[in-house]
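Dear colleague,

Please find below the structure for your review. My notes on it follow directly after.

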Amino acid sequence: SATAAQNVTVRVSNIPSWLGFTAKEWTIKEIAPGGKDLALFTFSAHNSAPVGRNHTLTFTISTPSGQMWIKEVTFAVAAPERFELLQNYPNPFNPSTTIAYQLPAKSRVILKVFNVLGQEVATVFDGQMEAGYHQDTWSASAASSGVYIAQVVALDDRGNRWVARRTMLYLK
């Protein structure tokens with residue numbers, strides 16, 4: 001016959017650095033004979049999470065009497081749903097700033113900086129990028145104080161083209 005289980009511990013392990021759990025362990029005070037209960041884990045994925053790659057979390061369920069079970073859960077982080085150029089940070093900046101953007105698909109990316117007259121000041125990045133969140137740093141130490149425009153152009157394999165611009169303020 002089934003017996004009640006008390007103080008059942010559920011612990012998660014094999015957690016990648018880009019996945020944050022509010023708690024890595026959950027204790028279920030009592031489970032009735034033949035009953036069920038839930039161990040609820042809350043987590044968030046950092047935007048640096050690799051897109052489309054499988055990762056396996058290991059959940060260890062144990063009782064004070066020494067019984068133990070292992071449950072593995074495999075998941076993959078989905079690509080962002082849309083293209084977006086985020087506001088640079090810090091802004092205003094001196095002497096460098098981080099420019100971040102997200103891609104819904106693998107794309108050729110060109111990240112450039114222009115002055116307010118529309119003249120190109122720098123090519124920060126020009127190359128292939130996987131779907132996901134990316135960031136590059138622009139050092140403006142050779143530039144003069146003022147307003148600049150960051151522009152990202154992305155072209156995926158299907159011919160989709162995205163363009164976005166953000167203004168940035170450089171104060172020496």
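Leucine 155 stands opposite arginine 161 in E13; strands here are DSSP runs of E with at least two residues, numbered from the N terminus. Strands E12 and E13 run antiparallel and are joined by 10 bridges, where pairing requires that DSSP find at least two bridges between two strands. Their hairpin has 4 residues between the strands, and glycine 159 takes a positive phi near 90° in it.

Please note that this is a predicted model, in which local features need pLDDT of at least 70 and side-chain atom pairs count only at pLDDT 80 or more, while totals for chains, interfaces and linings use all residues. Residues are numbered from 1 along each chain as its sequence is written, and side-chain values use heavy atoms, with hydrogens and water left out.

The largest nonpolar core has 21 residues, and Ile99, Tyr101, Trp138 and Met168 have the most contacts inside it. Such a core is a set of buried Ala, Val, Leu, Ile, Met, Phe, Trp, Tyr and Cys residues joined through side-chain atoms within 4.5 Å, buried meaning under 20% relative accessible area with a 1.4 Å probe, protein chains only. At least two residues of this core come from each of E8 (96-103), E9 (107-115), E10 (120-129), E12 (146-156) and E13 (161-170). E12 gives the largest share, 4 residues. Tyrosine 101 touches, among others beyond four places away in sequence, Phe125, Tyr133 and Val152 (contact: heavy atoms within 4.5 Å). A second, separate core has 13 residues, including Val8, Leu19, Phe21 and Ile31.

A pocket is an open set of points on a 1 Å grid over the protein atoms alone, where a 1.4 Å probe fits, with protein on both sides within 12 Å along at least five of seven lines; lining residues have an atom within 4 Å of a point. The space in this largest pocket is about 280 Å³, a volume being the space filled by probe spheres set on the points. E1 (5-13), E3 (25-31), E5 (54-62) and E6 (68-76) each supply at least two residues of its lining, and E1 supplies the largest share, 4 residues. The lining comprises 11 nonpolar, 5 polar and 1 charged residues.

The second largest pocket has a volume of about 150 Å³. Its lining includes Asn47, Arg53, Glu130 and His134.

Kind regards

Note on methods:
Nonpolar A, V, L, I, M, F, W, Y, C, P; charged D, E, K, R; others polar. Buried < 20%, exposed > 50% of the residue type's maximum accessible area, 1.4 Å probe, protein only.
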